[in-house]
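Student: I have a model open and want to learn how to read its side-chain features. Where do we begin?

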Amino acid sequence: MSSSPHYIKAGPVARRFNDLVGRLARHGISLLGSAELSVRGRKSGRMQRIPVNPHGHGGKRYLVSARGHSQWVRNMRVAGGGELRVGRKIRTFSATEVVDDAEKLPILRAYLKRWGWEVNQYFQGVTAQSSDEEILAAALDHPVFLITENT
C-alpha cells in the first residue's frame, strides 16, 4: 500500500484538453459551468491556473478534486483561496477544506451525479449510484473545498 496521497496525473490528451478548456474560460466561454482556477503556488509564489468545475450543492459552492491530491489542492491548502475566471469576470474567494467525510458524502454524490460523465474514471468505479459506504471509502482520495466569494 502506497503512503503517498492518491493522485491520478493527467496524460498528454487530458493536458491538451485542460489547456483548451482553460483558454476558453479565459476568453469568456464556459463549458457547462467550467471556470479557470488561479491559486498561488505554495513553493513558487506564482499563480497556477487550471480549469475546474465549480459545483453547487445545498446553496453553497464547492471545488472537488476528481484526480485526488493534485497540485492545485496542495496549493489551495496553503493559499486558503484563489480566483475563478470566466472571461473578464474574476471572482476571488476563500476556501475551506471539508475534512469530515460524512459531510463530504452528499457533496460527492451530487458532484458525481452532475459531473460523473466526465470524472467517473478517476473515482475507480464509484458513481452517484454507489452505496454511502463506497462513496465514503473514496472520499479520502477526493478533496473538497467550500468556496466563499470575497465581497
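Predicted model: local features only at pLDDT ≥ 70, side-chain atom pairs only at ≥ 80, totals over all residues.

Student: Which residue forms a salt bridge with Arg26?

Tutor: Glu36 does, and the closest N and O atoms are 2.2 Å apart.

Student: Is Glu36 buried or exposed?

Tutor: Glu36 is at 2% relative accessibility, so Glu36 counts as buried. The cut-off for buried is under 20% relative accessible area.

Student: Where does Arg49 come in?

Tutor: Arg49 also meets Glu36 in a salt bridge, at 3.7 Å from N to O. This pair links distant parts of the chain: Arg49 is in strand E2 (residues 47-52), Glu36 is in strand E1, and they are 13 residues apart. Arg49 has 53% relative accessibility, so Arg49 counts as exposed.

Student: What do Arg26, Glu36 and Arg49 make together?

Tutor: Salt bridges link Arg26, Glu36 and Arg49 in a network.

Student: How many salt bridges does the whole structure have?

Tutor: A search of the whole structure finds 7. One of them joins Arg91 and Glu149, with the closest N and O atoms 3.2 Å apart. Arg91 lies in strand E6 (residues 89-97) and Glu149 in strand E7, so this pair ties together parts 58 residues apart in sequence.

Student: How exposed are Arg91 and Glu149?

Tutor: Arg91 has a relative accessible area of 31%, so Arg91 is partly exposed. Glu149 is at 40% relative accessibility, so Glu149 counts as partly exposed too. Thr148 is also in strand E7. With a relative accessible area of 45%, Thr148 is partly exposed.

Student: How far is Thr148 from Val21?

Tutor: Their C-alpha atoms are separated by 23 Å, and the two residues are 127 apart along the chain.

Student: On to rings. How many aromatic pairs are there?

Tutor: The structure holds 3. To read a pair, take the distance between ring centres, then the angle between the planes. Planes under 30 degrees apart count as stacked, over 60 as edge-to-face, and the rest as tilted. Trp72 and Phe145 have ring centres 5.9 Å apart and planes at 50°, so this pair is tilted.

Student: Where do Trp72 and Phe145 lie?

Tutor: Trp72 lies in helix H2 (residues 71-79) and Phe145 in strand E7 (residues 144-149), so the pair ties together parts 73 residues apart in sequence. Trp72 and Phe145 are both buried.

Student: How do the rings of Tyr111 and Phe123 sit?

Tutor: Their centres are 6.5 Å apart and their planes are at 45°, so the pair is tilted. The pair links distant parts of the chain, 12 residues apart: Tyr111 is in helix H3 (residues 101-119), and Phe123 is in the loop between H3 and helix H4 (132-139). Both Tyr111 and Phe123 are buried.

Student: What else lies in the loop between H3 and H4?

Tutor: Ala128 does. Its relative accessible area is 12%, so Ala128 is buried.

Student: Which charge sits over the ring of Trp115?

Tutor: The charged end of Arg114, 4.2 Å from the ring centre.

Student: How do I read the two sides of a helix?

Tutor: Start with the geometry. An α-helix has 3.6 residues a turn, so residues three or four places apart point the same way. Now take H4. Its buried residues are Ile135, Ala138 and Ala139. They cover an arc of only 110° around the axis, which puts them on the same side of H4.

Student: Which residues are exposed on the other side of H4?

Tutor: Glu133 and Ala137.

Student: Last, the surface. Which residues make a nonpolar patch?

Tutor: Ile29, Leu31, Leu32 and Trp117 make one of about 430 Å². Leu32 lies in the loop between helix H1 (12-26) and strand E1 (35-40).

How values were computed: Residues numbered from 1 in each chain as written. Heavy atoms only, no water. Phe/Tyr/Trp six-rings, centres within 6.5 Å; stacked < 30°, edge-to-face > 60°. Helix = DSSP H or I, 4+ residues; strand = E, 2+ residues; numbered from the N terminus. Buried < 20%, exposed > 50% of the residue type's maximum accessible area, 1.4 Å probe, protein only. Lys NZ or Arg CZ within 6 Å of the ring centre and 35° of its normal. Patch = residues over 30% accessible without salt bridge, like charges linked within 9 Å, V, L, I, M, F, W, Y side chains within 5 Å. Areas by Shrake-Rupley, 256 points an atom, 1.4 Å probe, with all protein chains shown as cover. Salt bridge = Lys/Arg side-chain N within 4 Å of Asp/Glu carboxyl O. Arc of directions from axis to C-beta.
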